[in-house]
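Please read the following briefing alongside the sequence and the coordinates. It is grouped by topic.

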Amino acid sequence: MINDFATAAQATMSYLRHRLGFKLWMVTRTEGDDWIVLFADDAGYGIKAGQAFRWTDTICSRMVLGHGPNIAPSTTDVAAYAEAPLARQLGIGAYVGVPLHRTDGSLFGTLVGLDPQPRDKTIREELDTVTLLADLLSAVLNGELNAGDAVRQAERVGADATRDGLTGLYNRRGWDMLLQREEERCSRYGHSACVVSIDLDDLKFINDAQGSASGDALLMRTARALEGVTRGSDVVARLGDDEFGMLMVECDYFDAQAMLLRVQEALAGSDVRASLGMAMRKAGYDLEEAFAMADAEMYRAKRSRKVLN
């Protein structure tokens, strides 16, 4: 039974392979400058799910702009396609590509077939079939994407038992659980995401000089400041004594930069001194790896602050 996007994608590619015989069928996602392979049915190109290419290097980018047809029996007959860097790199003789759209009409990605050999011009007669399958695949996709917030909310409720007793934020166990769930979505749909590592500068000094009650007050101010600049779908956690983590879902680089500025302003406004590091989850490394990068950036920032002080 086909009841989810992954199953629908695999069934669509398998059907098109048997009907049209192309060596490679893919379901892809466009995210910023990336063209991400979400699913691949490959019999010759060596392409695997999770690989990413530069969007502007692809034939699909030209197809979406209207610079060529959805079906090109011979890519050398279409100047825009023949000039695409990825066409030369992979050796693409014939091309089939149809956009996948989100509910609001924006581009999600493409359903695409590639073959190293040119094909007979009669293959153009298959456009209606490929377009219908792409529309059906988009419908399944959008059903899942539109339910995403409800699914995340259910996950948050399920993780409520992992709250930190002092701040009310998720603890390390809750963070690991929700990070893994979000990584599954990122891997399936090609979502980008942002993670931030935060380490307080003064907690030990305040605990030693003013007592644990003042230290607890600092932790509470930090928690409220971070919660105040995040969306309901995001995750804020206390990971250790003076360590915090933030996960911003479906967040591109420009959103992440704006959010980081808000975090810095919120902490300063709450009289909290902290070192921060940020990293984006992109094709090629997962959220856990991205957070390790954010953590390393945070420690570099902390060392720089010590030198300056």
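Arg29 stands opposite Ile36 in strand 2, where helices (H or I, at least four residues) and strands (E, at least two) are DSSP runs numbered from the N terminus. This is a predicted model, in which local features need pLDDT of at least 70 and side-chain atom pairs count only at pLDDT 80 or more, while totals for chains, interfaces and linings use all residues. Residues are numbered from 1 along each chain as its sequence is written, and side-chain values use heavy atoms, with hydrogens and water left out.

**The open sheet and its helices**

- Strand 1 (residues 24–31) and strand 2 (residues 34–42) run antiparallel and are joined by 8 bridges; two strands are said to pair if DSSP finds at least two bridges between them.
- These strands belong to an open sheet of 6 strands in the order 3-2-1-6-5-4, with antiparallel pairing, and its edges are strand 3 (52–54) and strand 4 (71–72), each of which pairs on one side only.
- Helix 1 (residues 5–20) packs on the sheet by touching strand 1, strand 2 and strand 6 (107–115), and its direction makes about 60° with that of strand 2; axes here are lines fitted to C-alpha atoms, for helices over the stretch in contact, and angles run from 0 to 180 degrees between N-to-C directions.
- Helix 5 also packs on the sheet, touching strand 1, strand 4, strand 5 (94–101) and strand 6, with its direction at about 35° to that of strand 5.

- Although Gly21 and Asp115 are 94 residues apart in sequence, their C-alpha atoms are 8.5 Å apart in space.
- Leaving aside neighbours within four places in sequence, Gly21 is in contact (heavy atoms within 4.5 Å) with Leu16, Asp115 and Arg119.

- In helix 6 (residues 148–158), the residues Gly148, Arg152, Glu155 and Arg156 are buried.
- Seen down the axis of helix 6, these buried residues fall within an arc of 100° and so line one face of the helix, the arc being that of the directions from the helix axis to the C-beta atoms.
- The face of helix 6 turned away from its buried side carries the exposed residues Ala150 and Gly158, whereas the buried residues pack against helix 5 (127–146), helix 7 (172–189), strand 8 (235–238) and strand 9.
- Strand 8 is covered on both faces, with Val235 and Ala237 buried on one side and Val236 and Arg238 buried on the other.
- Strand 8 and strand 9 form a hairpin with 4 residues between them, pairing in the antiparallel sense over 4 bridges, and Arg238 stands opposite Phe244 in strand 9.

Note on methods: Buried < 20%, exposed > 50% of the residue type's maximum accessible area, 1.4 Å probe, protein only.
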